[in-house]
Amino acid sequence: MNPQGERWTTDQVLALAPDEASRRAGGKLAAPGPWSETGADDSAVWGQCKGSGKKPYQAIVDITGPAFKCTCPSRKFPCKHTLGLLLLWAGDGGVVTAGEPPQWADEWLAGRRVRAERSARTTSGGGAPSRTPADPEAAKRRSERRLQRIAAGATELEQRLTDLLHSGLASADGAQGGTSWDETAARMIDAQAPGLASRVRELGSAVASGPDWPARLLEECALLHLLDQGFLGIEWLPAPLAATVRSRVGLTTEAADLLTGPDAAPVRDRWLILAQHDSDDGKLITRRIFLRGERTGRMALHLSFGGPNRPLDLALPPGLLLDADLAYYPGARPLRATLGERHAPAAPGPVPPGVGIDAALAAYGDALRDDPWLDSWPVVLTDVTPIRGRDGENWQLADADGESALPLDPRVLGRTGLWHLAAISGGAPLTVFGECGHRGFLPLTAWDPTPVSL
Amino acid sequence: MTSPTTTTATTATTATTATTATTATSADTTTGAGASAHPSPTATTPPATPATTPAPWAELVTAALLGTDRRTPPVAVRAGQDGAAALLDAAAVSTVRRRAALRPALAGERPTPAPADPRPPLPPAARRRLALLLADRGGTGAGSRRGTAPDLTELLPQWLATAGERGYRAPEALLPALLDAARARTDLRPAALALAGPRALWLAQLNNDWKFALRGSGATSRAGASTRSTGPENGETPTPTPDTDDPEYVRRLWEEGLFAERVHLLTTLRRRAPHTALDLLRTTWATERAEDRLMFLDSLRDGLSPADEPFLEQSLSDRSRNVRATAAELLSALPGSALAGRMAERAHSCVGLDRTAGHDGPAITVEAPHECDAGMQRDGVTPKPPSGRGERSWWLGQLVEATPLAGWSEKLGGRDPAAIIALPVSDDWRTELHDAWSRAAVRQRDADWARALLGAPATPSQSAEVTPAGSSRDLAKLLTVLPHDERAQWVAEFIAAHGLSDAFRMLGVCAVPWAEPLGRSVVDALDIARDAGSYPWSFSGVMGLAERCLDPAAANRLDMLTAITDEPEGASPGSGGYWAEAFQRLVGTLRLRATMHAELTPPHGPTTTTATDTEPDR
């Protein structure tokens, strides 16, 4: 992907697809039949695709972003039309020829250029507060009111948890007299604490979730209790830990403030995209993009959300190297970050260096010292071999020495990713990226040596 | 559920300590109790460290399960603190402590690594193509019009065949998708598994969904015999084949293997050393079950030779009727066999030449057998006809079918096949007799007879003449006896004369890509069909075949057909647009096939054999 008009490979295009269905649909559209007015220049590809309606859809891709635009109503991002267009272009069948963008494409492309220049100016302008609230006093009052409501919610939740422990976890299984976890979660939403609410919902699913559920329920209750207590006593916590508690409870930080606010501390590095993984809970698509800085060695996680009328806005296939600014959200163990200015177009990156199993577990343990609520920590493992565990059912990643192994997260069973991993390995060691946590290792990308999403 | 094994934590986590300390502090401030954030535990163990001495996790769980109302939790309770809150404090510390102290698990037994596959990897473009083809296998929603996009599912078999011929191996990351595709479509299995190679079999041992790949490959028992090397038997055939060079291994697999493994072993051996295979079969023949005997006997079809006659002759007395019939069928395919001689004798006594018959010169007379005696039954003649057929004509058909065709020339006045076919036949026996000769021509792969029976394709009445009412003759099967170029020529002329309606199965037996006169005549016929004003889906079968089988070089010539034409007078409404769409898809598919082909062709020229014609399934 360079600005000199070099074509992407089909792999790169396919890696952008949000799911298998889009990949398939895009592949179908990668034929000249439905397309007209196609063209490409150094930085963009465009074309009109005849769909079911009268008016063809206008698909435009800014390949320097990459950024996508299509007039179709799909909430997939990128949609099948932009994927088909890119595949057609990448396939180099002579259909998409070099040219000047037509007016309908140029409007959007020009708009992007203007926005990019404007944001570059504000960034370089520096110091100027990005957004001043209309009435700082009122904003402060609002925020204090919210903190009070969350505190009230946390207190109520504490009561609920201690009540549960008084009568025993066994009572949580079925016939408890009190309110259900769903109701409690709804109370937490009312208290404007979405972080607490989602943890409470998790509790509901931990009840009677197979053998060992009391232990799992107690773990989750205890960590929720820890979070409640942390929030209720937040003024005694060191600032980074307080920030972690705040974000875990559900208080968000504006991404724009991270990049341009007074305390902005963007980290410039060459960031290798380690994985892009989408999950869909039916209402919301969450896209998680993991990156690691070449110079700093720091891990970062970029989150974006898509839903009805709100397409995902960022697609970065694994294996790309991105010279860009990244700003971390505050916390005792920063991981989540937002993407700032890009200094060069993305280019293909190397197979990342990794660590062994001991170091991976140590990295998770170390991260827990700062943020006890972490379920996992992202790591690149190197020279590990996927094998079946001693029980013959679950899978593990065996270390190069052959003695020790890291169990795979049971959630990987039944997913095709496990079989991709086994096929790429063929019983030989490989490099794999994933999340290492108390449930085991969840693999997300393997290198063969090109990155393969699992 | 597994999680990494844990050991007792040595590092308390700073954050947990900080937050639990907060708990203590806030609790203390509200109750106004002393400054000590870490009161000594009440348990018997003395406080060794400033942190609370952890109670075992299991005890915490038990206490939590029962409830603090029933049991005092085994944790330190600060003054004024609720027992439940103290239990949660302790559980939080313990949880984070255990998570932070995760240790690696003991590694399971390592599998033998997948055997190396020496074949070269696919070129990058071909690899991406395969990914696309495999991603498409879900198919479109039912009932949706096909539109102008090529049907990738239908191109997969061709792609697999070509990639296999070029000697590539499949990309590792695509093996699961390839195995899934082979699982869903049995027609893809041989080519998909061949391309997937030894690593796919290695993988299939790990996943029950893919056990089909091991079936018949002998790989299961190979895996069991773990001391044996698992490397590919030889460089150029990565398809799993039993190691037939090892007599001891062969004997053991034959005696102990599963049925499918044994069939596969026999088939493989038969291809390499026909006689050894027969000898192997003889060792256990008497003890095999009837169904198994039938299958084993069937595998002798490959490499059939006069050397097999004694065994087959003996099998004519088998206990099972089906085994007897198969043995007879095999013997009749050996023109020099005693059975063929006996059948010829019977048939020749039924069919003769009457030189004095009527005004048209000599004619064939037929006197069908009057009974089906024990000798005939032993030679495989089925006495009972299917309903609707007369016994005598049924018996005659079987006799003629099993009679060597070469003998008829002498019997019928030294005529060649064409002259024999041209002879009139008395008493309406013509159809019956010619049908039987057709079956014999197919069974004995006799091109001269097939040619004579097919006749000239363009004869106006050919369709009715070659397959008159009541005939069961199978033209497509007869065509398979002819060489490829002759076959294509015949079908091309047939289509030019009679159109596409009866041509589908004939097209199916022609070599891919279609040779030139054939391709042109199919396209012309489609064009004529469009002008006739019908809808293209009346020809969807032929259209689909054309997409897969036309020579991609024809794409440019077809371009002009993709324009939407004015609908002819009386045409079905909208048909012009649908035809344009169908031709667009045809051209698109042909271009795609040309691209696929090019992607599979290495820039330095093919390293192994060039592509040979492949035949679609008959």
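Author: A:Arg199, A:Glu219, A:Glu220, A:Asp375, A:Arg439, B:Arg98 and B:Arg99 are linked in a network of salt bridges. A salt bridge here is a side-chain nitrogen of Lys or Arg within 4 Å of a carboxyl oxygen of Asp or Glu. The model is predicted: local features need pLDDT of at least 70, side-chain atom pairs count only at pLDDT 80 or more, and totals for chains, interfaces and linings use all residues. Residues are numbered from 1 along each chain as its sequence is written, chains are lettered from A and ligands numbered from 1 in the order in which they are written, and side-chain values use heavy atoms, with hydrogens and water left out.

B:Arg99 forms a salt bridge with A:Glu220. Their closest N and O atoms are 3.7 Å apart. Between chain A and chain B the count is 6 salt bridges. Helix 8 (residues 213–232) of chain A gives the largest share of the side of chain A that touches chain B, 13 residues. Helices are DSSP runs (H or I, at least four residues), as strands are (E, at least two), and both are numbered from the N terminus.

Now the whole interface. Chain A brings 84 residues to the contact and chain B brings 72. Contact means heavy atoms within 4.5 Å. The area buried between the two chains is about 6400 Å². Carbon and sulfur atoms give 64% of that area. Buried area is the accessible area (1.4 Å probe) that two parts lose on being put together, summed over both. A:Lys28, A:His166 and A:Arg369 supply 10% of the area that chain A buries against chain B, more than any other three residues.

Polar contacts cross the interface too. There are 22 residue pairs in polar contact between chain A and chain B, both residues at pLDDT 80 or more. Such a contact is a pair of N or O atoms within 3.5 Å; within protein, one must be able to donate a hydrogen and the other to accept it, and residues adjacent in sequence count only if both atoms are side-chain atoms. The side of chain A that touches chain B divides into 37 nonpolar, 27 polar and 20 charged residues. Ala, Val, Leu, Ile, Met, Phe, Trp, Tyr, Cys and Pro count as nonpolar, Asp, Glu, Lys and Arg as charged, and the others, Gly among them, as polar.

Over all chains the structure holds 50 salt bridges. One of them joins A:Lys140 and A:Glu144, at 3.8 Å from N to O. Both residues lie in helix 5 (residues 136–167) of chain A, 4 residues apart, about one turn of the helix. A:Lys140 is partly exposed, with a relative accessible area of 49%. A:Glu144 is partly exposed at 39%. Buried means under 20% relative accessible area, exposed over 50%, and partly exposed in between (1.4 Å probe, protein chains only).

Chain B has a pair in a helix too. B:Arg451 and B:Asp448 meet in a salt bridge at 3.1 Å, N to O. They lie in helix 21 (residues 447–454) of chain B, 3 residues apart, about one turn of the helix. B:Arg451 is partly exposed at 34%, and B:Asp448 is partly exposed at 46%.

A further pair is in chain A. A:Asp278 and A:Arg287 come to 2.8 Å, N to O, in a salt bridge. A:Arg287 is buried, at 0% relative accessibility.

Burial can also be followed along a helix. In helix 9 (residues 247–256) of chain B, B:Tyr249, B:Val250, B:Leu253 and B:Trp254 are buried. They are on the same side of the helix because they cover an arc of only 130 degrees around its axis. The arc is that of the directions from the helix axis to the C-beta atoms. The face turned away from the buried side carries the exposed residues B:Pro247 and B:Glu256.

Last, some single residues. B:Ser438 sits in helix 20 (residues 430–443) of chain B. B:Ser438 is buried, at 4%. Leaving out residues up to four places away in sequence, B:Ser438 touches B:Leu453, B:Arg473 and B:Leu478. A:Pro101 is in the loop between helix 3 (80–91) and helix 4 (103–125) of chain A. At 17%, A:Pro101 is buried. With residues up to four places away in sequence left out, A:Pro101 touches A:Asp41, A:Trp46, A:Asp106 and A:Leu109.
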